[in-house]
Amino acid sequence: MAEELVLDTAIRDWVLIPLSVVMVLIGVLRYFVSKLMRSPATSPSPDPKLVKEGQVVIRARNLRTNAQFIPAKAFKARKVYYTNEENGLLHVPKEEAQKAQAAMFSDPNMAMDMMKKNLSMIVPQTLTFAWVNFFFSGFVAAKIPFPLTQRFRGMLQNGIDLSTVDVSYVSSRSWYFLNLFGLRGLFSLILGEENATDDAQKMMQMGGGFGFNPTMSLGAEKDSLDIIQHDWALPKMERHAEDVLKQLLKK
């Protein structure tokens, strides 16, 4: 049976609360530092062609997501309008796609902007992790108020070896990672929705090249729209409404 622990209030006052406050302050400070590092040269006015392509991708994605709410004939007509090999909105000639990719990698301003963004994330998080690992390593800092399975042990008890303790106890190092990846909602309240700092998203983008490329997204969205199978939801809704009415009449 898992062993129950009684957490010292001093750990709450000198480990849990300071670590949470420092993570919030570092996120806010990093936002303002990245804002100062951003120059007009690295933040040009948007290209109308790129904006148009991005809006086409959003419209096609909405069509694919809500395809079950329109008849099959209407969906097929819209699908041809987007994916037609001759003049479809999502069709990108191979030569144009290669040119767009080459231009993206050869833009020095984009490369410098990406480097600044990565540095503004890597440097503070590296220093913070070293600080947490040096001063707070080995503490059991908190307890999750609901039961968890054994699969969560590696995520919540990083840095301590407590195989006999309940999985819901959280180590200080794991608390650092939970704050690192889970503070987006708080940053949305502090900095605004558009300025929220999302470290998880930034870490995934670091290995994905130089950011969003609408021309490449057109081809990806075209492939997704080609393979979708249309299933109109209206007949199912009618049958479901009929079943509900029958149950109500029986009562």
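Let me start with two helices. Helix 2, residues 48-65, packs against helix 3, residues 72-83, at an angle of about 155 degrees, and their axes are 11 Å apart. This is a predicted model. Angles over 145 degrees count as roughly antiparallel, so helix 2 and helix 3 are roughly antiparallel to each other. Their crossing is left-handed.

Which residues meet there? From helix 2 we have Val56, Arg59, Ala60 and Leu63. From helix 3 we have Phe75, Arg78, Lys79, Tyr81 and Tyr82. Sorted by type, the residues of this contact are 6 nonpolar and 3 charged, with no polar ones.

Now to the aromatic rings. The structure holds 7 aromatic pairs. One of them is Phe129 with Tyr176, a tilted pair, with 5.7 Å from centre to centre and 45 degrees between the planes. Where in the chain do Phe129 and Tyr176 sit? Phe129 belongs to helix 5, residues 108-135, and Tyr176 to helix 7, residues 172-182. They are 47 residues apart, and the pair links distant parts of the chain.

Is Tyr176 buried or exposed? The cut-off for buried is under 20% relative accessible area, and Tyr176 has 2%, so Tyr176 counts as buried. Phe129, at 29%, is partly exposed.

Tyr176 also pairs with Phe177. That pair is edge-to-face, with centres 5.0 Å apart and 65 degrees between the planes. Phe177 is partly exposed, with a relative accessible area of 29%.

To put the rings together: Phe129, Tyr176 and Phe177 are linked by ring pairs into a cluster.

Note on methods. Residues are numbered from 1 along each chain as its sequence is written. This is a predicted model: local features need pLDDT of at least 70, side-chain atom pairs count only at pLDDT 80 or more; totals for chains, interfaces and linings use all residues. Side-chain values use heavy atoms; hydrogens and water are left out. Axes are lines fitted to C-alpha atoms, for helices over the stretch in contact, and angles run from 0 to 180 degrees between N-to-C directions. Helices (H or I, at least four residues) and strands (E, at least two) are DSSP runs, numbered from the N terminus. Angles under 35 degrees count as roughly parallel, over 145 as roughly antiparallel, 65 to 115 as roughly perpendicular and the rest as oblique. A crossing is left-handed if the near helix is turned anticlockwise from the far one by less than a right angle, and right-handed if clockwise. Contact means heavy atoms within 4.5 Å. Ala, Val, Leu, Ile, Met, Phe, Trp, Tyr, Cys and Pro count as nonpolar, Asp, Glu, Lys and Arg as charged, and the others, Gly among them, as polar. Rings of Phe, Tyr and Trp (its six-membered ring) pair if their centres lie within 6.5 Å; planes under 30 degrees apart count as stacked, over 60 as edge-to-face and the rest as tilted. Buried means under 20% relative accessible area, exposed over 50%, partly exposed in between (1.4 Å probe, protein chains only).
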